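Reader: I would like to learn how to read a structure of this kind feature by feature, with the cut-offs stated. Could we look at it together?

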Amino acid sequence: MKKIGVLTSGGDSPGMNAAIRAVVRKAIYHGLEVAGIFHGYQGLIDGNIKPLERGDVGDIIQRGGTMLYSARCLEFKEEAGQLKAIEQLRAHEIDGLVVIGGDGSYRGAKALTKRGIPCVGVPGTIDNDIAGTDYTIGFDTALNTVIEAIDKIRDTATSHDRSFIIEVMGRDAGDLALWAGLAGGAETILIPEEPHDLEDMAERLKRGRDRGKKHSIIIVAEGVMSGQDLQVKLLEMGIETRVSVLGHIQRGGSPTARDRVLASQMGAKAVELLLQNNGGKAVGMRNHEIVAHDFEEVFEESPEFDNEMYKLSKELSI
Ligand code: ATP
């Protein structure tokens, strides 16, 4: 292995830059050359590839987003697109590739590995929805962004005796909503992994109101329903609420120390795997250890969901 490539793909997440930096520096430390591939798989197909030196990744560890830009690319899902990508990799003499992204990006990385270019995946997504790792890069930062928003909304909710619905990201995974709900002291948390009973929820809110509780915080993951739809349903049951949709602020911002450290460890591990010619793997963190699993294992398993934490959130919100 003489030269490796690195790209970011799918939705961006805070800490991707720290991961890119780790990949570039670790590779150079071990005598490898590094090529930066811009705009994800689309950039790979188009040959949007430039060499990266150690100085090119200076002053980025603290920045959100990704200096390599990210993209979604339908063409790459097809054989023709993948063959063009392989041609570019060969033309640029890239022997291995680090792909920083989510589950979809891993599928692309697996396809390239099968076609002869060893790839390693690094989990970059705020959703914490990838099997084989306890945390993904960006989750901690997004969580802290949500908590900051909840605390602010709580101030105004208290001042005006209002109940607030806060819609957070999470189409299929409720980790962000669950952790934010627990850390933000929410009365109710609606997540895709658990069934919900709106009537029971309305009853609990009413009971709270009757015993003098004047405001509440309800967290809903976007995959369950929109904040607006929930507002309409609750109003039909006699509960008035205000809605706040946090949206893309959850994906931005300077990564937390935890995300920077995780990204540095995972980026470095990805390079180690390529140096060992051990492609077709996804890096993860399990019980505080940096690990790697075959892509296939990651696709077969469902991301772990912490039922105990969900139970606790209910017990503490009585
Ligand atoms: P997130 O969903 O967290 O934003 P992701 O990596 O899962 O991140 P996707 O949009 O699912 O995001 O995938 C990113 C890109 O990976 C796609 O645009 C496509 O180019 C490639 N990709 C996705 N699925 C496949 C697949 N089955 N085969 C080959 N390439 C794929």
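**The shell around the ligand**

Author: The ligand is surrounded by 18 residues, of which Gly10, Gly11, Gly102, Gly104 and Gly108 are the closest; here a residue is near a molecule or strand if its C-beta atom, placed from the backbone, lies within 6 Å of it. This is a predicted model, in which local features need pLDDT of at least 70 and side-chain atom pairs count only at pLDDT 80 or more, while totals for chains, interfaces and linings use all residues. Residues are numbered from 1 along each chain as its sequence is written.

Reader: Which helix gives the most to the shell around the ligand, and how do the residues of the shell divide by class?

Author: Helices (H or I, at least four residues) and strands (E, at least two) are DSSP runs, numbered from the N terminus. Helix 4, spanning residues 103–114, gives the most to this shell, with 6 residues. For the classes, Ala, Val, Leu, Ile, Met, Phe, Trp, Tyr, Cys and Pro count as nonpolar, Asp, Glu, Lys and Arg as charged, and the others, Gly among them, as polar. On that scheme the shell holds 4 nonpolar, 9 polar and 5 charged residues.

**Annotated positions**

Reader: Which residues do the UniProt annotations "binding site" and "active site" cover, and is each of them buried or exposed?

Author: As for burial, a residue is buried if 20 or more other C-beta atoms lie within 10 Å of its own, exposed if 12 or fewer, and partly exposed in between, with C-beta atoms placed from the backbone. Asp103 counts as buried because it has 20 C-beta neighbours inside 10 Å, and Asp127 is buried because 26 other C-beta atoms lie within 10 Å.

Reader: What is Asp127 in contact with, leaving aside its neighbours within four places in sequence?

Author: Two residues are in contact if their C-beta atoms, placed from the backbone, lie within 7 Å. With those sequence neighbours left aside, Asp127 is in contact with Thr136, Met169, Gly170, Ala173, Asp175 and Leu176.

**Cores and domains**

Reader: How should I read a nonpolar core, and which residues of the largest one touch the most other members?

Author: In soluble globular proteins, nonpolar side chains tend to be buried together. A nonpolar core is a set of buried Ala, Val, Leu, Ile, Met, Phe, Trp, Tyr and Cys residues joined through C-beta atoms within 7 Å. The largest has 52 residues, and Ile4, Val6, Ala19, Ile20, Val23, Val98 and Ala270 touch the most other members. Apart from that core lies another, of 31 residues, including Ile166, Val168, Leu190 and Val220.

Reader: How is the chain divided into domains, and how many residues are in contact between them?

Author: Domain bounds come from an automatic or database domain assignment. Domain 1 comprises 3–138 + 255–300, and domain 2 comprises 140–252; their centres, taken over C-alpha atoms, are separated by 34 Å. Across the boundary, 17 residues of domain 1 are in contact with 13 residues of domain 2. The side of domain 1 that touches domain 2 has 4 nonpolar, 8 polar and 5 charged residues.

**Backbone angles and a loop**

Reader: Where is a positive phi found in a residue other than glycine?

Author: Most residues other than glycine have a negative phi, and most peptide bonds are trans. Here Glu93 has a positive phi near 55 degrees, and Asn277 has a positive phi of about 55 degrees. Glu93 is in the loop between helix 3 (79–91) and strand 4 (96–101), and Asn277 is in the loop between helix 9 and strand 10 (281–286). Glu93 is exposed because 11 other C-beta atoms lie within 10 Å, and Asn277 counts as exposed because it has 10 C-beta neighbours inside 10 Å.

Reader: How far apart are Gly280 and Lys110 in sequence and in space?

Author: Gly280, which is placed in the loop between helix 9 and strand 10, is 170 residues from Lys110 in sequence and 5.9 Å from it in space, C-alpha to C-alpha. Gly280 counts as partly exposed because it has 19 C-beta neighbours inside 10 Å.
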